[in-house]
Amino acid sequence: MREDFPILGKSVNGHPLVYLDSAATSQKPRQVLDAERDFLTRSNAAVHRGAHTLAAEATDLFEDARTTVAGFVGAAPEQLVWTSGATAGLNLVAYAIGNATLGRGAPASARFALRPGDELVVTEAEHHANLIPWQELATRTGAALRHIPVRDDGTLDLDAAASLIGDRTRVVAFTHVSNVLGIVNPVAELVALARDAGALTVLDACQSAPHLPLDLPALGIDLAVFSGHKMLGPYGVGGLYGRADVLEALPPFLTGGSMITTVTLDSAEYLPAPQRFEAGTQPVGPAIGLAVAVRYLEGVGLPAIHAHEQRLAARMGEGLREIPGIRLLGDAAGAERVGLWAFDVEGVHAHDAGQYLDSLGIAVRVGHHCAAPLHRRFGVTASVRASAALYNTDDDVDRFVEGVRGIRPYFGAGA
Ligand code: PMP
């Protein structure tokens with residue numbers, strides 16, 4: 001399989017590359033690159049508009065891609081809105097709710113309108129993409145933003161969640177898997193709490209979609225987002241999944257061409273979902289590439305990928321725990337995980353640690369990984385993060401652990 005990913009054969013700083021930064025962006029197999037190139041060289045035309053044969057061919061390929069990607073998350077094609085990525089999807093939802101609050105949309109949109117005293121709930125472990133749009137929505141509408149705390153072991157405090165989520169809660173937005181802690185969050189429990197409160201649920205599935213079987217309707221979630229480039233797909237494309245009744249009632253965010261039925265100089269009427277949320281020219285080639293990426297993941301098998309990555313995570317965790325001065329963030333015993341660990345190196349700044357690993361050809365991410373509040377909660381400003389994907393091997397993990405063992409001695413910070 002690794003031969004499908006030409007970049008994995010590369011040498012970096014005189015060493016064969018060990019790529020452990022897939023949580024930031026995954027590598028892409030040849031099949032995905034070929035699919036995009038084939039589309040552009042053989043079938044490229046503006047979708048949904050042209051009356052010519054090529055336009056019809058491009059439209060079929062684009063809509064087939066929607067069916068494939070929707071099916072990957074257990075959904076029907078009309079439940080999948082193309083976006084440019086997870087950040088765009090989360091902003092779409094937050095701004096659509098803001099528009100409902102302004103009285104925009106169909107009569108059914110009123111169910112999303114926020115009133116003074118309403119609350120939006122996130123977790124302390126959110127990526128900024130699933131935090132700042134809610135901060136902005138709270139500021140614009142006067143709603144209050146609350147958060148579910150993370151316990152010392154990296155799990156969510158469900159007791160706190162149970163007392164926090166109540167009559168005032170209108171939205172519960174949370175990540176399926178934190179991009180820092182790697183722990184699979186208890187979606188069913190949070191959905192049950194939100195349902196009892198009559199709140200809308202929004203799932204950030206960026207770090208779960210490429211790593212474990214995902215059936216969004218079965219999870220009972222109302223809305224969910226993911227990013228193509230993190231799941232072997234191209235940049236510039238992502239998905240927003242929605243329950244049919246929720247997408248149907250949600251007002252649009254971006255407006256313009258391709259999302260309307262009739263337009264006068266003073267007003268416009270909008271298409272049903274998903275087109276209502278797809279104003280302007282869509283990322284057609286990337287969407288077709290993403291369909292090939294999810295077929296690739298399905299070909300390997302999500303249960304097999306999850307099992308493989310859990311094994312890599314366990315091997316990595318065991319190796320790292322033995323190294324003096326390494327503190328893993330979110331080392332909950334027995335937690336279901338993806339292949340990701342973030343950690344602090346005592347006495348060495350994360351950026352120095354990352355540079356040292358890079359000198360050995362090992363690519364990891366350093367910094368706050370767009371989750372500054374979570375780092376603050378663990379008393380650090382930055383961490384080193386290693387994140388695996390289906391193409392990583394035991395040998396990658398062993399070279400990484402050996403590399404980490406060398407960090408503190410190299411910087412004279414200890415054994
Ligand atoms: N949520 C999580 C958990 C992420 O890891 C990321 C990407 N780092 C995002 C959201 C944002 O994704 P994108 O930048 O592709 O929009």
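User: What domains is the chain divided into?
Analyst: Domain 1 covers 2–20 + 302–410 and domain 2 covers 34–298; the bounds come from an automatic or database domain assignment. This is a predicted model, in which local features need pLDDT of at least 70, side-chain atom pairs count only at pLDDT 80 or more, and totals for chains, interfaces and linings use all residues. Residues are numbered from 1 along each chain as its sequence is written, and side-chain values use heavy atoms, with hydrogens and water left out.

User: How many residues of domain 1 are in contact with domain 2?
Analyst: Contact means heavy atoms within 4.5 Å, and by that rule 32 residues of domain 1 touch 31 residues of domain 2. The C-alpha centres of the two domains lie 29 Å apart.

User: What is the area buried between domain 1 and domain 2?
Analyst: About 2500 Å², with carbon and sulfur atoms giving 65%. Buried area is the accessible area (1.4 Å probe) that two parts lose on being put together, summed over both. Of the area that domain 1 buries against domain 2, Leu302, Leu374 and Arg377 supply 26%, more than any other three residues.

User: Why is the pair of Asp152 and Arg377 called a salt bridge?
Analyst: The term requires a side-chain nitrogen of Lys or Arg within 4 Å of a carboxyl oxygen of Asp or Glu. For Asp152 and Arg377 the N to O distance is 2.7 Å, so the pair meets the definition. Two salt bridges are counted between domain 1 and domain 2, and the structure holds 21.

User: What parts does the salt bridge of Arg2 and Asp396 tie together?
Analyst: The closest N and O atoms of Arg2 and Asp396 are 3.4 Å apart. Arg2 lies in the segment before strand E1 (11–12) and Asp396 in helix H13 (residues 394–405), so the bridge links parts 394 residues apart in sequence. Helices (H or I, at least four residues) and strands (E, at least two) are DSSP runs, numbered from the N terminus.

User: Why are H3 and H4 called roughly parallel?
Analyst: Helix H3 (residues 86–101) and helix H4 (residues 132–141) pack at about 10°, their axes 9 Å apart. Angles under 35 degrees count as roughly parallel, over 145 as roughly antiparallel, 65 to 115 as roughly perpendicular and the rest as oblique. H3 and H4 are therefore roughly parallel. Residues making the contact include Leu90 and Tyr95 of H3 and Trp134 and Arg140 of H4.

User: What is the omega of the cis peptide bond between Ala273 and Pro274?
Analyst: Omega is about 5°. Pro274 sits in the loop between strand E12 (268–270) and helix H9 (284–300).

Definitions and conventions
Axes are lines fitted to C-alpha atoms, for helices over the stretch in contact, and angles run from 0 to 180 degrees between N-to-C directions.
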